[in-house]
Amino acid sequence: MSLLPLDGPAPLPHADDRHPQSSPDRTPASPGRRSLNCAAARRALTLLPLLLLAVWAAIDWHAVREGVALLATADPWWLLAGLVFTGLGWVAAACVRQGAIPERLPRGLLLASQVAAGAANHLLPASIGAHAVTVRFLQRQGIPLPRATASIALYSLVRALAKPPVVLICLLATPTAVPPAELLPDRRTLVLVATGILLAPAAAAVVLALVRPLRRPALDLVRTALTDARRLHTRPSRFLPLWCGAAAAPLLQACLVASVGTALGVPLSWPQLVFAFLAASTAAGAVPAPGGIGPIDAALILALAGYGTPLSLATATVIGYRVLTVWLPLLPGMLVLSALVQRKAL
């Protein structure tokens, strides 16, 4: 018989050993906590556009007050017509967005996304805000990111290609609306524009040659864009809203300027006001400013003054145009943007 003590019962495992995952250092975040964090982040994104709006209004408050004072003395019916043209601009943008995607998008949400995109467009340069909102909306509708990005490229290309024929048709329809010769670009400006057009593809080719990680995504984007463009142009329900909406968008903005000018008593005909805006926006469109604010304003004042409009009245027209296209739609646009974020449509 052994004198060694018998082995007693095995000690009970420690609570931490039995359930190592219950250690305070290893406790995963509970689903409830994750949902609260997501809700807090979404609420912050909802309030962020309104905060940006308040900051921008505080910075540019004098222009807002002056524009409202000038519009208070204008013809209200023509200003109402300008607001109608602003709303039709959202419809035209929604038509172009739908025409750039083969899938059918919900019309109400699509129009609401363009109202929100218009507000975001005035906060970031080169239409980055509008495109970001649209890409997020398309992803929420089940569109893969490469195809959503390809639709943005097609949208931008069609908008750029549709505008010169509109300007040419306006010139042919109303030859008396041609501005004075000094408003036309000189030879040096034309050389700079042509050089920029030629250098842009060369610069893109150099970047792709030097940065290898960008080659495959860029080629995939081009391949997707070409495939979708070919499919869309075989369907009248897509290419008609695509091109008609792209052609209507600059005309609607030009008619808005003409409405404001008529409301303020600018001594120019409607075709002259329309062509002044088309020429100014074409000349200043290459400058990446938020919503085109700045370059288009200066070019439009120059065009109106070139027709003989007093400088103060030309400035008032531009301020009124900005009030109708930026400040009045900005608050509803920000509210729509916040509502779409809250509904998880963005």
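Helices here are DSSP runs of H or I with at least four residues, numbered from the N terminus. I kept in mind throughout that this is a predicted model.

**Confidence first**

I looked up the pLDDT before anything else. The chain averages 75, with 64% of its residues at 70 or more. Residues 12–29 stay under 50, and I found 7 contacts there beyond four places in sequence. Residues 286–292 are also below 50, with 17 contacts in the model beyond near neighbours in sequence. Low pLDDT means the predicted coordinates should not be read in detail, so I left it there.

**H10 against H13**

Next I wanted a helix pair. H10 spans residues 236–264 and H13 spans residues 311–342; their axes come within 9 Å and cross at roughly 125°. That angle lies between 115 and 145, so I call the pair oblique. The crossing is right-handed.

Which residues in H10 meet H13? I got Gln253, Leu256, Val257, Val260, Gly261 and Leu264. From H13, the partners are Leu313, Ala316, Thr317, Gly320, Tyr321, Leu324 and Thr325. I sorted the residues of this contact by type and got 8 nonpolar, 5 polar and no charged.

**Lys344**

Then I followed the chain to the segment after H13, where Lys344 sits. Most residues other than glycine have a negative phi. Lys344 is not a glycine, yet its phi is positive, about 60°. Is Lys344 buried or exposed? I noted 51% relative accessibility for Lys344, and the cut-off for exposed is over 50%, so Lys344 counts as exposed.

Key: Residues numbered from 1 in each chain as written. Predicted model: local features only at pLDDT ≥ 70, side-chain atom pairs only at ≥ 80, totals over all residues. Heavy atoms only, no water. Axes fitted to C-alpha atoms, helices over the stretch in contact; angles between N-to-C directions. Helix = DSSP H or I, 4+ residues; strand = E, 2+ residues; numbered from the N terminus. Parallel < 35°, antiparallel > 145°, perpendicular 65-115°, else oblique. Left-handed = near helix turned anticlockwise from the far one by under 90°. Contact = heavy atoms within 4.5 Å. Nonpolar A, V, L, I, M, F, W, Y, C, P; charged D, E, K, R; others polar. Buried < 20%, exposed > 50% of the residue type's maximum accessible area, 1.4 Å probe, protein only. pLDDT = per-residue confidence, 0-100.
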